[in-house]
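Trainee: Could we go through this one together, please?
Mentor: Gladly, here it is.

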Amino acid sequence: MANGPRAGTVAVITGGGRGFGKAFGAALAAEGAMVALIDLDEGAAQDAAREIGTNAVAYGADITDEARIGAIMAELGEAHGGIDILINNAGLHAQDYSRPIAEMGLAKTRRLFEVNVMGTIACTLAASPFMAGRKGASIINIASAAAFQTGGYGTSKLAVIGFTMTFARELAGQGIRVNAIAPGIILTDTIRTELSTETQTRIKAMQYLSDDGTEQDIVDAMLFLTSDKARFITGETLRVTGGFSAGI
């Protein structure tokens, strides 16, 4: 769709080597956007970019590395005249980070918040100068239904939702909308590997809807929030949970 609605736009996606990030990149590229995939695993980002095609480029980076992230955003912004979409998708979410804080310990808890919260802030601050004044400029932060529960991981995602509201206010004057998506349990390959069948069954039983959530559900939410159809939406968190978080 070279002449599609995204033609000529530039999208930056962190955690772009696999999972949601890769799916976001493929969907935006299919609509004509140039997508930059940033991932700690540079090889995974390169493989994803090759799979997506000529509209994709890859970068290896830790999103907490302010200098490296700043350099990438500057390179992209200067090469393409600006950045239109930023998706802060990278984050820590493995079982290791879903345990009680007393079990994780201070070092692991600090790393969790450095990546999930400070990494989101670092990428937003680095990209926003290149997004200012761009028609339809949009930032999407990937939160989680866990934000509406307890625990270290959930609290880190609650902070992401809080900063979504903060940046929506601070960047509105530059024409940049900032929203978040809070997925429920989405049965990706990673989730199937990390969560026991018993845990998956327990969480699904808390949903209002009996269907399984899919990666495409989250992609569709992203496509809506970054489109002109959402031009008057900012500072919001779209829960895509099958009703899981509705009663929490």
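We will talk about helix packing and aromatic pairs.

Mentor: This is a predicted model, in which local features need pLDDT of at least 70, side-chain atom pairs count only at pLDDT 80 or more, and totals for chains, interfaces and linings use all residues. Residues are numbered from 1 along each chain as its sequence is written, and side-chain values use heavy atoms, with hydrogens and water left out.

Trainee: Are α4 and α5 roughly parallel or roughly antiparallel to each other?
Mentor: Helix α4 (residues 101-131) and helix α5 (residues 152-171) pack at about 20 degrees, with axes 10 Å apart. Angles under 35 degrees count as roughly parallel and over 145 as roughly antiparallel, with 65 to 115 roughly perpendicular and the rest oblique. The two helices α4 and α5 are therefore roughly parallel.

Trainee: How many residues of the contact of α4 with α5 are charged?
Mentor: Contact means heavy atoms within 4.5 Å. Residues that meet include Phe113 and Val117 in α4 and Val160 and Phe163 in α5. The contact divides into 13 nonpolar, seven polar and, for charged, one.

Trainee: Is the pair of Phe20 and Phe24 stacked or tilted?
Mentor: Rings of Phe, Tyr and Trp (its six-membered ring) pair if their centres lie within 6.5 Å; planes under 30 degrees apart count as stacked, over 60 as edge-to-face and the rest as tilted. Phe20 and Phe24 have ring centres 6.2 Å apart and planes at 25 degrees, so the pair is stacked.

Trainee: Is Phe167 buried or exposed?
Mentor: Buried means under 20% relative accessible area, exposed over 50%, and partly exposed in between (1.4 Å probe, protein chains only). Phe167 has a relative accessible area of 7%, so Phe167 is buried.

How values were computed: Axes are lines fitted to C-alpha atoms, for helices over the stretch in contact, and angles run from 0 to 180 degrees between N-to-C directions. Helices (H or I, at least four residues) and strands (E, at least two) are DSSP runs, numbered from the N terminus. Ala, Val, Leu, Ile, Met, Phe, Trp, Tyr, Cys and Pro count as nonpolar, Asp, Glu, Lys and Arg as charged, and the others, Gly among them, as polar.
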